[in-house]
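Please open the model in your viewer and keep the sequence panel at hand.

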Amino acid sequence: MGTFYQSSHTPAAMDHLVLGSEEDGIVIKLPSYSALQSQLGGYETVNAQLTTFTTNPHPSDENISGILISLLLNNGSSDILLSNLPEMIEIFLPRPGPPSISNSTAVLKSGAPPVLTAFNITDANVTLFFSVEPSFKVSLLMLLFPGAPAKETNYTSRIMLNNTGGHRWMLTPEMFQQTTGTWYIKTTILNYSGEQDVTLYFSSYTSKCLYWDTEQKVWSNAGCRVGSRTTPHRTQCLCNHLTLFGSSFFVMPNYVDLSRTAELFATVSQNYVVLALLCAFFGLYLITLLWACYADRRALSRRKIILLKDNHLCAQYNYLLGVQTGQRKNAGTSANVTVKLIGSEGESSTHNLEDPDRPVFARGAVDMFLLATPYPLGELHNIRLQHDSSGGHPSWYINKVTVQNLQTRQVWHFLCDCWLSADRGEGVTKKNFNTAKQNEIRSFRNIFHSRTSTGFRDEHIWLSIVDPPWRSPFTRAQRVSCCMSLLLCTMAINIAFWNIPVDDTSPVIFSIGSLHVSWQNIMVGVESGLLMFPINILIVTIFRSIRPRLSSPVKKINEEQTLKTSMVTITTILKEIEELVGLLSVSKRNKVFELKARLDSASDLFPALDKVHELIHLMQGEAESDPHWVYCSQFVLSCLSRLLLCLEKLDVRAFPSPEEHQQALNLSNLMLRKAEMVFSSHMAYCPSPVSQKKRPSGCSLPWWFVFLGWFLLLSISGLSTFFTLLYGFQYGKEKSIQWVISLGLSLFQSIFILQPLKVIGVAVFFALLLKPVAVEETEEAEQVLLEQRGRCRQYSGRDGSGGFST
């Protein structure tokens, strides 16, 4: 996009002709007719076509910014080229947007040495405009040095500036001797005998004029130079030819000479603003870190997934239950809660949802339980929740329950949103909940509520310190440290780019005494906040994506099971056989009928074993394998291993005769061998989904990445602190106070505006477009499964049968 101007003139009328628009700031001024006559005098009419471009039509490595101008002359049939003119063509190019200028402040005391200003030249062809504004009328002597001035005579250029002639020095590439690197300007006050300190305000910016070389196909500065009428808002180019012109405007950041570090830090007694602010932040960080470590230790038990104690030790088909208590007042319960899963192929036993180490079902909590069954229950249809109304506050507001099949990763959602209470809601303490339909799960209300709740507790890095997700591996201590690192980065970025000169036309938003906050201050805060997103994502993502470190099963469990195994009686054997038959009879596919009466004596053992024997024959005759028969045969095999081990340790006198004891041993041994063959057969021909491994739910990092995260966090924090202090000492006290104001605004908009808007925006995006089904992370389940497999191996006394699990 751009603008096109066209006009026709006689050659004589082109004397000092002005083309373009003064109002838009886009102007080309031609030289005198005497300079043009040798190349235009032979034409009757000359057509001038002036074109402006808002974007660079010839991209390159050069930083071409702003408006570009092209001036073409023709006589109606061919183009007229102007080159090597004795007088320069003036081209004025506007700089769109507010200028950003490097600035600093220095104070000259009576008898003090001159002020030394350092800046870095990265392009040998740029022109530098260096301005000095003294606090009152004085004359200045300025010397240019190619390096740190060792002697007064080593300067390459000098100038004397006074109030009448202005205090701006235009430094051309010839003055820099076409050399890049660090240059210094020494400023001295001339003929000043007063005792009052003189404050000098320095500002600088660079510019470069380029044209498009149609033969070399590059941007070049040959035949062009920057004019003295260049300002931060407008570039003046002087060229002796015509083509496509552009200006390259490089804003120099505040340059800090690291060799002057000791000198700058020595000014701490005159400028302690930044240091005091950093000390206050570090003190607050240490106090908050101590609290966070204490809170993390208290919350450590909440992260674990609870392995239900009433799971049968040989049941290896696992379901992960996520029970979410609501956020309403007094939503938590002190009662004992039970659950039962009801599926298309069977029902689970009634299990107590409890943790001996801590209370469960607190307000807003999400408690995770690992429930094991002997075989798959099929497609879940219902879940039955009940409590016994015990304790001081039995009423319970249940929000939702998710059940995940850890073998197939299938998830069922139960959207409850009701009270289980004798005196609230429907007045019931027992209720069946149906599986939520897809349209209910993917509804805008459900996803938006879930995403915003998770977002403010996890993704909003500042607010998540107070109430992070209970099982998140991203600890409070890490969150506090990330906040401190991000705060220090905000300060460093803010102070490094806090170089916009004071705009007198910027409106003042509000004033408190001598404190004035303008729109310009607010914009500085907004820009600094936006620059923080990459650093935010880098640090926080590392800690959030680290997988928990898994440890080996606890030996205490094995010791307890060894003790239990040594204490064998006929009563415990009959009870276990009775429980085995009861669990097998729940599924219609097993064709096992419940026992008509309880097992009271050793003679009752054989009819119960016959029922199990018939199931083994049934499984042996099944030609097709599926997960039901795999896990059912595994369950029977583990239980028979346990039975045989117990019979071998049982006192013979528990049976009416030694022959019956031997008969029980022989029958159990025969059934065990058959069960091994059945399990091996079904395991070999089982379809792949049974052994399906966990699908990755996103980017995850090994546990040792925590060291990398802390290294990056400490490194970034240290560098940010160092450069914040360095810039602060260079700015001086007054500008440091102004910077603190913009920093406060930046933090305010980051915590209370940008972060909440990000959380809400992401929630709306997911709810409207992607509509995912939120599933709780289950990395911790691997640790629980390791412990469960260890318990089962010890229970069955075998290493092979109890080790199968997905």
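Is the disulfide of cysteine 209 and cysteine 237 left-handed or right-handed? The torsion about its S-S bond is about -90°, so the disulfide is left-handed.

Before going further, note the conventions. This is a predicted model, in which local features need pLDDT of at least 70 and side-chain atom pairs count only at pLDDT 80 or more, while totals for chains, interfaces and linings use all residues. Residues are numbered from 1 along each chain as its sequence is written, and side-chain values use heavy atoms, with hydrogens and water left out.

**First selection: cysteine 209 and cysteine 237**

Display the two sulfur atoms, which lie 1.9 Å apart; a disulfide is a pair of cysteine sulfur atoms within 2.5 Å. Cysteine 209 belongs to strand 15 (residues 198-213) and cysteine 237 to strand 18 (residues 234-239), so the bond ties together parts that are 28 residues apart in sequence. Helices (H or I, at least four residues) and strands (E, at least two) are DSSP runs, numbered from the N terminus. Cysteine 209 is buried, with a relative accessible area of 3%, and cysteine 237 is buried at 2%. Here, buried means under 20% relative accessible area, exposed over 50%, and partly exposed in between (1.4 Å probe, protein chains only).

The structure holds two disulfides. Select cysteine 224 and cysteine 239, which are joined by a disulfide with an S to S distance of 2.0 Å. Cysteine 224 lies in strand 17 (residues 224-226) and cysteine 239 in strand 18, so this pair ties together parts that are 15 residues apart in sequence. The torsion about the S-S bond is about 120°, so this disulfide is right-handed. Both cysteine 224 and cysteine 239 are buried. With the bonded cysteines of the chain numbered in sequence order, the pairing is 1-3, 2-4.

Cysteine 483 counts as buried at 4% relative accessibility. Cysteine 646 also counts as buried, at 2% relative accessibility.

Select residues 627-649, the 23 residues of helix 12. The expected span of a helix is 1.5 Å times one less than its number of residues. For helix 12 this gives 33 Å, which agrees with the 33 Å between its end C-alpha atoms. Of the 23 residues, 19 are buried, so helix 12 is largely enclosed by the rest of the structure. At its start, a side-chain oxygen of aspartate 626 comes within 3.0 Å of the backbone nitrogen of histidine 628.

Colour strand 14 (residues 181-190) together with strand 9 (residues 115-121); the two pair in the antiparallel sense over seven bridges. Two strands pair if DSSP finds at least two bridges between them. Isoleucine 121 stands opposite glycine 181 in strand 14.

**Last view: the whole chain**

Clear the selection and show the entire chain, which contains 16 helices and 31 strands. Buried residues make up 49% of its 806 residues.

Notes: A polar contact is a pair of N or O atoms within 3.5 Å; within protein, one must be able to donate a hydrogen and the other to accept it, and residues adjacent in sequence count only if both atoms are side-chain atoms.
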